[in-house]
Amino acid sequence: MNEFKSIDDILDFAINSEQEAIDFYTKLATVAKTDAIKEVFTDFAGEEAGHKAKLIEIKKNGSFGVITEKISDLKIADYVVNNQPSPEMTYQDALILAMHKEKAAFKLYSALADRAPNADIRNLFLMLAQEESKHKLRFELEYDEYVLREN
Amino acid sequence: MDDQEVKYLKFKTYLNTYCPYCHQSFNVEKKNDKQLVFKANYKDQEMDLSLSPYLDVFESTTSHEVKEGDLLSDLLCPSCNKSLISKEIKCGECGSDVAGVIISAASKLIPFYICLKKGCEWHGLTKADERKIKLKIPRQEMPEQDKTLRIHNHQEVPYGFTSELASLEAGRCLQCKNPKCVEGCPVNVDIPAFIKLMRENDFNGAAKKIKERNVLPAICGRVCPQESQCEEKCILGYKDKPVAIGRLERFVADFERKMELVKIPIIKTKINKRIAVVGSGPGGLTVAADMALLGYSVTVFEALHELGGVLTYGIPEFRLPKSIVQFEINYLKEIGVRFELNHVIGNIITIQELLEYFDAVYIGVGAGLPTFMGIEGENFGNVFSSNEYLTRMNLMKAYLFPEYDTPMPRGNKVVVIGGGNVAMDSARSAIRTGSAEVTIVYRRSRQELPARAEEVHHAEEEGIRFRLLTNPIRYIGTDYNMVKGLECIKMELGEPDESGRRRPVPIKDSEFIIECDLAVVAIGTGPNPIIFQSSPDLKRNKWGYLDANNNTMETSISKVYAGGDIVTGSATVIQAMGAGRIAANAMHKKLSKEN
Ligand SMILES: Cc1cc2nc3c(=O)[nH]c(=O)nc-3n(C[C@H](O)[C@H](O)[C@H](O)COP(=O)(O)OP(=O)(O)OC[C@H]3O[C@@H](n4cnc5c(N)ncnc54)[C@H](O)[C@@H]3O)c2cc1C
Ligand code: SF4
């Protein structure tokens, strides 16, 4: 964990990760076969841009809230097998992909929080992890509502 | 006289009436002539008045002539001479004075009122009394095949009402002034009106009344989720069980068919325009019927080798006999609709090509693409989508193998994943083909089961086990990659979210395995993309369903309409028919303007 020397280091890393996600979804939007799915990925990219802006704001103000709220975890991503990005993706595929991405980020930040050298850094990682679990929940709810309609 | 008849106050019930003061009967019987005999005052003259003793039969004779619309000044008991005029009650129809007598009904003595105005055909109970009586009639059950016998055959489970049971049930309806049932019906069938006709023993008229709004009542009576539509809203349901509207609908439609009362209309005006309907599900059939009756020349293109859509390939024989679907299709053939089987539109003809020959196109291709959960092991052998499983069973008649060529997917221990009608149909098909143990695995609680209540009830009766709040997480396979088990995790309902819904969340470390040698996935379906491959300009939403204007069902291409599951995602037969009707109206409106 040597590379994270300061709070700013961590935020830069997180901002950078969000940018990677924006790029990833934007690319999928350009290759997607149908207009509706293009729009889905453009929306996902937009949501990631929102997350990025939030982190930039935190970096600028130098403060972030301590987490109290409990985010529910439907654990759908835990059991659904991940898929490879492709131009033929359906909305269900897109949701699976997004859930898995958010889950991976959540796990990374949680692991980093466990190994944090001090309380400030730990809190920051926990906050980032919680943000990611919120994003995952948003996709899981959609999956729960529509894909698992009769289940 | 049948005691039950009085008890349940059917139309033309013979009334036993008594004086409220001296308790003498007003009923007089001379030879075959039955009457209620009173004394009356009219223009200061005393005279005799006799009325028909049958409920809702308005016949009276008087010893002096009484002018139509005139009011009797009094009605008296011939035994004690007391005036019977009620101080509290006025006529429910015209507001005039009424005479109060007592009738025996529902094992009770109940006040009953006779209007004193000549020509006002009102004699009845107060609403409160009427309600008391109605509440006495229990909701009638349909006779059905014994549960131990029916799991060995594929015949329909309920036999339907007899005319006696149907009349009794029709007698429960309150004939509300502001009936809520009609609002609950997606196509707004005039429910009290058809029930009223049934009470007058005009079953044929009742069937016609329903058909004004719903062209497939024999089918809807069997498969509509009435408990969440008309019957959920029924006003009687606040105090008692609602009127069994679906069963009555089924009865009159069956009556019309069995008595051969369906008339083929002669279509007088021919409109020189052609309509193509893609898909022969309930939505497509509705459009075809409506447009053909208007005089258009209609051709239905169906991808499969049989017509009817889900009604034929999805819903099993024991729930919807194919002969009924066939009867409805024959009716369409009789009115001149043409059917082209084995025509996969999008593959052999494109929508654009259809538009070159036809004046308008309706797309009713349903949502026939199976959805899988995407969990580990879904590719093992003997893991079926419900679509394939039920298609083999129903359309390909696998249960008659080797008489038919399709082998039957058979398992001794079967799990079915999902809680909708499709899941119930799959599970009940499995039990009928000899599976020893059939288990339904559903992630949410009983309350959320989307299947019709009757199907859940029948499934339970037939011995199907329900594992509720249970989520499959992985299939387990044999060395030969055949499924041998399903690992599940127990769920609990989490805290309500912003929408107030409690979502199921897994209980930590509660995994367990259900042994199985056949699994059927019935968690929902999606749109089949074939038809769109050659029509990329048809606008679709992110789920892949077609975008259509709610008021006209027209799509992004002019004169191309769509409705049913391909627009809404898997829904119901009646919704598909409702959409078909909207589309037919809009099509007709648009095409008429072109002349
Ligand atoms: C097993 C099962 C049980 C159900 N039980 C009930 C129930 O009890 N009550 C209820 O209300 N609803 C029930 N439903 C849902 C109901 O059947 C559907 O909502 C309804 O049938 C949808 O009608 P539709 O007109 O949209 O098309 P469908 O009935 O889906 O028919 C579409 C037709 O289009 C054809 N088609 C598809 N693609 C093409 C093409 N490219 N070219 C030509 N033809 C094509 C198909 O072969 C099919 O025949 C059930 C569904 C299933 C699967
Ligand atoms: S709401 Fe119920 S009781 Fe009232 S008219 Fe409709 S079916 Fe009859």
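Domain 3 (274-367 + 529-536 + 562-586) and domain 4 (372-495 + 503-523) of chain B each put at least three residues into the shell around ligand 1. Keep in mind that this is a predicted model.

**The ligand site**

Let's stay with that shell for a moment. There are 33 residues around ligand 1, and the ones that come nearest are B:Val223, B:Gly283, B:Glu302, B:Arg319 and B:Ile345. By residue class, the shell splits into 16 nonpolar, twelve polar and five charged residues.

Which helices of chain B supply at least two residues each to the shell around ligand 1? They are helix 11 (282-294), helix 16 (421-432) and helix 20 (573-593). Helix 16 of chain B gives the largest share, three residues.

| Protein atom | Ligand 1 atom | Distance |
|---|---|---|
| B:Ile345, backbone N or O | nitrogen | 2.9 Å |
| B:Asn421, side-chain N or O | oxygen | 3.4 Å |
| B:Gly309, backbone N or O | oxygen | 3.5 Å |

How much of ligand 1 does the protein bury? Taken alone, ligand 1 exposes 1000 Å², and 92% of that is buried by the protein.

**The chain as a whole**

Zooming out, chain B has four named pieces: domain 1 (8-134), domain 2 (150-258), domain 3 (274-367 + 529-536 + 562-586) and domain 4 (372-495 + 503-523). Going by C-alpha atoms, the centres of domain 1 and domain 4 of chain B are 62 Å apart. Along the principal axes, the C-alpha atoms of chain B fill a box of roughly 100 × 65 × 55 Å.

Of its 595 residues, 54% count as buried. Take the contacts in chain B with a separation of 6 or more: 65% of them are between residues 24 or more positions apart. The chain exposes about 27000 Å², with carbon and sulfur atoms supplying 49% of that area.

**A buried asparagine**

B:Asn394 sits in helix 15 (residues 386-395) of chain B. Is B:Asn394 buried or exposed? Its relative accessible area is 7%, so B:Asn394 counts as buried, the cut-off being under 20%.

What does the side chain of B:Asn394 reach at 2.7 Å? That is the backbone oxygen of B:Gly314. Leaving out residues up to four places away in sequence, B:Asn394 touches B:Thr312, B:Tyr313, B:Gly314, B:Ile315, B:Pro316 and B:Glu317.

**Two positive phi values**

Two loop residues are worth a look if you check backbone torsions. B:Asp509 isn't a glycine, yet it has a positive phi of about 55 degrees. This residue is placed in the loop between strand 22 (502-506) and strand 23 (512-515) of chain B. B:Asp509 counts as exposed because its relative accessibility is 66%, and the cut-off is over 50%.

B:Lys559, another residue other than glycine, has a positive phi near 65 degrees. You'll find B:Lys559 in the loop between helix 18 (530-533) and strand 26 (560-562) of chain B. With a relative accessible area of 21%, B:Lys559 is partly exposed.

Notes
Residues numbered from 1 in each chain as written. Chains lettered and ligands numbered in written order. Predicted model: local features only at pLDDT ≥ 70, side-chain atom pairs only at ≥ 80, totals over all residues. Heavy atoms only, no water. Near = heavy atom within 4 Å. Polar contact = N/O pair within 3.5 Å; in protein donor to acceptor, adjacent residues only side chain to side chain. Areas by Shrake-Rupley, 256 points an atom, 1.4 Å probe, with all protein chains shown as cover. Helix = DSSP H or I, 4+ residues; strand = E, 2+ residues; numbered from the N terminus. Nonpolar A, V, L, I, M, F, W, Y, C, P; charged D, E, K, R; others polar. Domains from an automatic or database assignment. Buried < 20%, exposed > 50% of the residue type's maximum accessible area, 1.4 Å probe, protein only. Contact = heavy atoms within 4.5 Å.
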